[in-house]
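Please keep the sequence and the coordinates at hand while reading.

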Amino acid sequence: MRAVTTTPTPTGVDVVLPCLNEAEALPWVLARIPPGWRALVVDNGSTDGSADIARALGATVVHEPRRGFGAACHAGLAAADAGIVCFCDCDASLDPALLVPFVREVRDGRADLVLGRRRPQGRGAWPAHARAGNLALARMLRRRTGLRLKDLGPLRAARREDLLALDLTDRRSGYPLQMVVRAADAGWRITEHDVPYRPRTGASKVTGTWRGTWQAVRDMSRVLAEAPAQAPVRGGSAR
């Protein structure tokens, strides 16, 4: 009988999970964190006991009182101490186990930033207005940086020190885009891979309505208007 070999899961990874009232989703999300990785649940003012649930399930809880997706993400990055940091939504729409090959790609030196391109699975996973906003931003990003990305989704991985060196300042919906823009300006190698995108658990705080979506687009448009960085943070060529 032929022996079956498996590639071990990379260790020494922190996963930042911005959280605002995700009590229903947390058990599934935290159960999907790869072995040896640390879950950093950043509580952004939850009122449904999310922080207590996360702590009881073994996650490290970081409290960020200032509201905003970017504020929560950056608080998690600041609290991380692993060499590689990942980001994932905490609403069960994305499986954090999918980050394993992302981390391996960064660790092997084949990419500096790896992004997940969301592929909707099931009705209602990605509302039309949210997809329209994402498409508009992808086009603006291409004009600004030359990157031919299809998505600006939240599932991503990069080295912690490199992320901190980007000096990200947006603390609202523009944070994920600012990370990509500044990485591109710095000459990072940026790759994108398809990932399944499930219907989220609970109500969306950003893309659940046209108003929320276009507020996010407005935040991100301000990011795209930033002047390019004066000097590269890391070598390589964005693609």
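Among contacts in the chain between residues at least 6 apart in sequence, what percentage join residues at least 24 apart? In this predicted model, the share of such contacts that join residues at least 24 apart is 78%. The chain contains eight helices and seven strands, and buried residues account for 51% of its 239 residues.

**Cores**

The largest nonpolar core comprises 35 residues, and the residues with the most contacts inside it are Leu113, Leu141, Leu163, Leu177, Trp188 and Ile190. At least two residues of this core are supplied by each of S2, helix H3 (69–79), strand S4 (84–87), strand S5 (113–120), helix H5 (128–145), helix H7 (175–185) and helix H8 (210–224), with H7 giving the largest share, seven residues. There is also a second, separate core of 33 residues, which includes Ala54, Ala59, Cys90 and Leu99. In soluble globular proteins, nonpolar side chains tend to be buried together.

Leu141 can be followed in detail: once residues up to four places away in sequence are set aside, Leu141 touches Gly146, Leu147, Leu149, Leu152, Leu177, Val180, Val181 and Leu224.

Why can H7 be called largely enclosed by the rest of the structure? H7 is described in this way because 10 of its 11 residues are buried, and the buried set consists of Tyr175, Pro176, Leu177, Gln178, Met179, Val180, Val181, Arg182, Ala183 and Ala184. Just after H7, Gly187 adopts a positive phi of about 80 degrees.

In helix H4 (residues 99–107), the buried residues are Leu99, Val100, Phe102, Val103, Glu105 and Val106, and their cover includes strand S1 (13–19), S4, S5, strand S6 (156–159) and strand S7 (190–197). H4 is followed by Gly109, whose phi is likewise positive, near 80 degrees.

**Strand pairing and crossover**

Strand S2 (residues 38–43) pairs with strand S3 (residues 60–63) in the parallel sense, over four bridges, and Leu40 has Thr60 in S3 as its bridge partner. Together with helix H2 (residues 50–56), S2 and S3 make a right-handed β-α-β unit.

**Rings and charges**

A search of the whole structure finds zero aromatic pairs, but two arginines lie over the faces of rings: Arg118 over Tyr197, at 5.2 Å from the ring centre, and Arg198 over Trp28, at 4.3 Å from the ring centre.

Most residues other than glycine have a negative phi, and most peptide bonds are trans.

**An exposed alanine**

Is Ala31 buried or exposed? Ala31, which lies in helix H1 (residues 26–31), counts as exposed because its relative accessibility is 62%, above the 50% cut-off. Ala31 is 66 residues from Ala97 in sequence, and the C-alpha to C-alpha distance between Ala31 and Ala97 is 9.3 Å.

Terms used
Residues numbered from 1 in each chain as written. Predicted model: local features only at pLDDT ≥ 70, side-chain atom pairs only at ≥ 80, totals over all residues. Heavy atoms only, no water. Pairing = 2+ DSSP bridges. Right-handed = clockwise from strand over helix to strand, strands pointing away. Phe/Tyr/Trp six-rings, centres within 6.5 Å; stacked < 30°, edge-to-face > 60°. Lys NZ or Arg CZ within 6 Å of the ring centre and 35° of its normal. Core = buried A, V, L, I, M, F, W, Y, C linked by side-chain atoms within 4.5 Å. Buried < 20%, exposed > 50% of the residue type's maximum accessible area, 1.4 Å probe, protein only. Contact = heavy atoms within 4.5 Å.
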